[in-house]
Amino acid sequence: MEREKLVFKIADIVKESYLIVPAERTAWTGLVLSIEHDAWVFSKLYNLETQDRVVVLWLDTGLIEELPSSVLLLEYREEE
């Protein structure tokens with residue numbers, strides 16, 4: 001069964017997935033600044049998988065970083 005793709009929105013609060021957090025620190029929390037849909041293509045054995053490129057401002061450090069959506073976890077989204 002295929003996992004449902006989470007689509008981030010500008011101003012979402014996100015955390016790093018444990019997959020990319022170094023052992024010597026905890027996961028950072030950040031604010032989504034922009035999203036470019038289907039910007040990254042990852043190849044699998046028989047097909048290509050696209051992911052959104054998400055630009056995040058890390059609140060812990062002030063750094064801005066571009067990441068594939070699969071390494072981010074949604075912490076909070078303002079309801080419309």
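Before listing partners I noted the rule: two strands pair if DSSP finds at least two bridges between them. Strands (E, at least two residues) are DSSP runs, numbered from the N terminus. The model is predicted, so I kept to its limits: local features need pLDDT of at least 70, side-chain atom pairs count only at pLDDT 80 or more, and totals for chains, interfaces and linings use all residues. Residues are numbered from 1 along each chain as its sequence is written, and side-chain values use heavy atoms, without hydrogens and water.

I found 5 strands in an open, antiparallel sheet, ordered 4-3-2-1-5. Strand 4 (64-68) and strand 5 (72-76) are the edge strands, each pairing on one side only. Ignoring direction, neighbouring strands are turned by 35 degrees against each other on average; the axes behind this angle are lines fitted to C-alpha atoms, and angles run from 0 to 180 degrees between N-to-C directions.

Entry 2, the bridges. I looked up strand 2 and strand 3 (residues 48-58), which are antiparallel and joined by 10 bridges. Ser 34 has Val 55 in strand 3 as its bridge partner. Strand 1 and strand 2 are joined by 3 bridges. There, Lys 15 is partnered by Thr 29, and Ile 13 stands opposite Leu 31.

I located Trp 28 in the loop between strand 1 (13-16) and strand 2 (29-43). Is Trp 28 buried or exposed? Trp 28 counts as buried because its relative accessibility is 17%; buried means under 20% relative accessible area, exposed over 50%, and partly exposed in between (1.4 Å probe, protein chains only). Beyond its neighbours within four places in sequence, its contacts (heavy atoms within 4.5 Å) include Val 14, Trp 58 and Leu 63.

How values were computed: Helices (H or I, at least four residues) and strands (E, at least two) are DSSP runs, numbered from the N terminus.
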